[in-house]
Amino acid sequence: MKIYTRTGDKGQTSLLGGQRVAKDSLRIEAYGTVDELNSHLGLMRDHANGTRDGLLVPIQEKLFSLGSRLASGSEEQAEKFKVPQLIDADISAMEAEMDRMDKELPEMRNFILPGGDLAASQAHVCRTVCRRAGRLVVTLAATEAVPEIVVRYLNRLSDLLFVLARHIAHVNGVADTPWKPRQ
């Protein structure tokens, strides 16, 4: 099968199931941003030299499922194509991992500035892309059906990525850089 089809050359693409939509539709923006996040997570895994694969690979797999559900256009299409669902346990697992990492971190007394370590910085990039994906999904959900767990998953994932950024820096001996607002 060839990677190019030429069917999108006029600015449209297909959702799972065949429905044609504009490439700049909110649904495409939402799952495209989830795909972007997944790519950034892959880069973070590379910067972390595989040390976080046990955490990040399952998240990447869930993001593929999440993106596929958004690309389905409807829950009926998602079910028809057997797209895996997110479940509450996926969110609970992230919360447990945050709690575990947080126990090892110094107390945070200020907002912190991203930076200091490549993998930690990339985790912050992932966090901000995740926040953007979440905003797009919330906007999409205001006009089209989106499973509410998608919003919760992205919200919790952005929290996890923040804690992960701090944890990576801490493990690598890099202290948080506090934000010092002008007085």
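Student: How much space lies in the second largest cavity?
Tutor: About 40 Å³. This is a predicted model, where local features need pLDDT of at least 70, side-chain atom pairs count only at pLDDT 80 or more, and totals for chains, interfaces and linings use all residues. Residues are numbered from 1 along each chain as its sequence is written, and side-chain values use heavy atoms, with hydrogens and water left out.

Student: What counts as a cavity?
Tutor: On a 1 Å grid over the protein atoms alone, a set of points where a 1.4 Å probe fits but cannot get out; lining residues have an atom within 4 Å of a point. Points are joined across faces, edges and corners, and the volume is the space filled by probe spheres set on them.

Student: Which residues line the second largest cavity?
Tutor: R27, R69, L70, G73, S74, E75, A145, V146 and P147.

Student: And what volume does the largest cavity have?
Tutor: About 50 Å³. Its lining includes H124, D176 and T177.

Student: Which elements supply at least two residues each to that lining?
Tutor: β3 (112-113), α5 (118-141) and α6 (148-171). Helices (H or I, at least four residues) and strands (E, at least two) are DSSP runs, numbered from the N terminus.

Student: Switching to α6, what span should its 24 residues have?
Tutor: 34 Å at 1.5 Å a residue, and the end C-alpha atoms are 34 Å apart, which agrees. The expected span is 1.5 Å times one less than the number of residues.

Student: What follows α6?
Tutor: G173, with a positive phi near 75°.

Key:
On a 1 Å grid over the protein atoms alone, a cavity is a set of points where a 1.4 Å probe fits but cannot get out, and a pocket is an open set with protein on both sides within 12 Å along at least five of seven lines; lining residues have an atom within 4 Å of a point.
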